[in-house]
Amino acid sequence: MDGNKITGVIPLSICNVTSLQTLVLARNNLRGAIPQCLGNINSLRILDMHHNSLFGTLPTTFSAGSVLKSFNLRGNELEGRISRSLANCNQLQVLDLGDNYLNDTFPMWLGTLPNLKVLSLRSNQLHGAIRTSRIKNFPELRIIDLSYNAFTENLPTSLFQQLKAMRTIDQTLKEPTYIGDRYYQDSVTLATKGRNLELVQILTVYTAIDLSSNRFEGHIPSIMGDLIALRVLNLSHNRLQGHIPNSLGNLSVVESLDLSFNQLSGAIPQQLAFLTSLAFLNLSNNHLQGCIPQGPQFQTFENNSYEGNNGLRGFPLSEGCGKDRVSETNNTVSSLDDQESTSEFLNDFWNAFLMGYGSVLCIGLSIIYFMISSGNLKWLARIIEELEHRIIMQRRKKHQG
């Protein structure tokens, strides 16, 4: 019953449907609490009630025999803590509790779920440091969104070390596959390429980390460069310091990289210029310095990718860098001037050549020596033919005169 105008509360009698497998009540105007008895339906695989006005707490009655695969309550008014009974849902693949008022610390205990692929806790009241353990956590996690919370201290380096699914790229897939089944397709909202985007279907190869708009401090750990399957990385609006690690140049398939509104310093790593899939880059409002790297993708980024870094220079900013002392506009003019200068040089060259055989001999010997030393005899043959043609034409003009 997705996307209607259903109002009122969810009746408790729905729990009498003991063989219920899929319950989708998303995008309605439902209010009231979520019936706790829904966790007792052992056959329930899909529970999707996102974008309603449900309040109260999460169900706490999920048992060890649960077959729940997708649990989506995004965009409600839920409060309290994240239900620890979700740790009993070993088949859970997608957990989306974003855009609520949940007040808790990071649920590291969810890391024991062997099939969890998507975890979205964005825009809640989660807080504190992210503490990890030596136990292998989140082996299949491909999307984690913790943005717009109040997490503090350093980025969770040990968590990044355990994200096994983000460390390899599957080269065997021949066609796109999606999380879900033939009856139901999971969805999730992510901030990518500078805007919020709802993925109405989630590709199994899609990977993203969004830790933006928190209070993280310290350095960006270089181990993030090991997450080579990442397509979206957003660490913006934190309090991160230090240099951008060179290892981020290993993210060969990353499409969106946002490190804006931090306190990063130093130069932009040259390795980032080789990221051929990078379509969106935002390094604005930091303390970066030095020359902006030049590369195919970096030529497509505009000033707003770098604004707020007074020490940066080079294209596309107005201040030149190194030998490049002019802006993009001036570069274009300079290029035209170079073409005109080259044309004038060639004209002067031929005029000087035709002034006399002595000059011809001198210049000709110089050209021959250069071509022989470079090993490029084809160019030599072409120039000789061109010289011969021009000399013959000049003689004909003199005879006609």
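Start with the lining of the largest cavity: by class, it has four nonpolar, three polar and four charged residues. You are looking at a predicted model, so keep that in mind as you click along.

**Stop 1: the cavity**

To see the lining, select Arg45, Ile46, Lys69, Ser70, Gln93, Val94, Ile179, Gly180, Asp181, Tyr184 and Asp186. How many cavities of 30 Å³ or more does the structure hold? The count is one. Rolling a probe the size of a water molecule over the atoms shows where empty space is left.

**Stop 2: the whole chain**

Now zoom out and colour by secondary structure. The protein has four helices and 23 strands. Of its 401 residues, 46% count as buried. Take contacts between residues at least 6 apart in sequence: 53% of these join residues at least 24 apart.

**Stop 3: the nonpolar cores**

In soluble globular proteins, nonpolar side chains tend to be buried together. Here the largest nonpolar core has 79 residues. Which of them have the most contacts inside that core? Select Phe71, Phe138, Ile209 and Tyr306.

Stay on Phe138 and show its surroundings. Leaving aside neighbours within four places in sequence, Phe138 is in contact with Phe106, Pro107, Met108, Leu110, Gly111, Leu116, Leu119, Leu159, Gln162, Leu163 and Lys164. There is also a second, separate core of 11 residues, which includes Val94, Ile179, Leu199 and Tyr206.

**Stop 4: the disulfide**

The link is right-handed, with 70° about the S-S bond. This pair ties together distant parts of the chain, 22 residues apart: Cys15 sits in the loop between strand 1 (7-8) and strand 2 (22-24), and Cys37 in the loop between strand 3 (29-33) and strand 4 (46-48). The disulfide count for the structure is one.

Are these cysteines buried or exposed? Cys15 is buried, because its relative accessible area is 13%, under the 20% cut-off. Cys37 has 21%, so this residue counts as partly exposed. For another cysteine, select Cys89, which is buried at 0% relative accessibility.

**Stop 5: Asp226**

Move on to Asp226, in the loop between strand 16 (215-217) and strand 17 (232-234). At 35% relative accessibility, Asp226 counts as partly exposed. Which residues does Asp226 touch, not counting those up to four places away in sequence? Show Met166 and Arg167. For a distance to check in your viewer, pick the C-alpha atoms of Asp226 and Leu163: they are separated by 9.8 Å, though the two residues are 63 apart along the chain.

**Stop 6: backbone details**

Most residues other than glycine have a negative phi, and most peptide bonds are trans.

- His51, in the loop between strand 4 and strand 5 (53-56), has a positive phi near 55°. His51 is partly exposed, at 38% relative accessibility.
- Asn285, in the loop between strand 21 (280-282) and strand 22 (287-291), has a positive phi of about 55° without being a glycine. Its relative accessible area is 28%, so Asn285 is partly exposed.
- The peptide bond from Phe315 to Pro316 is cis, with omega near 10°. Pro316 lies in the loop between strand 23 (311-313) and helix 2 (328-353).

Technical notes. Residues are numbered from 1 along each chain as its sequence is written. This is a predicted model: local features need pLDDT of at least 70, side-chain atom pairs count only at pLDDT 80 or more; totals for chains, interfaces and linings use all residues. Side-chain values use heavy atoms; hydrogens and water are left out. On a 1 Å grid over the protein atoms alone, a cavity is a set of points where a 1.4 Å probe fits but cannot get out, and a pocket is an open set with protein on both sides within 12 Å along at least five of seven lines; lining residues have an atom within 4 Å of a point. Grid points are joined across faces, edges and corners, and a volume is the space filled by probe spheres set on the points. Ala, Val, Leu, Ile, Met, Phe, Trp, Tyr, Cys and Pro count as nonpolar, Asp, Glu, Lys and Arg as charged, and the others, Gly among them, as polar. A nonpolar core is a set of buried Ala, Val, Leu, Ile, Met, Phe, Trp, Tyr and Cys residues joined through side-chain atoms within 4.5 Å. Buried means under 20% relative accessible area, exposed over 50%, partly exposed in between (1.4 Å probe, protein chains only). Contact means heavy atoms within 4.5 Å. A disulfide is a pair of cysteine sulfur atoms within 2.5 Å. Helices (H or I, at least four residues) and strands (E, at least two) are DSSP runs, numbered from the N terminus.
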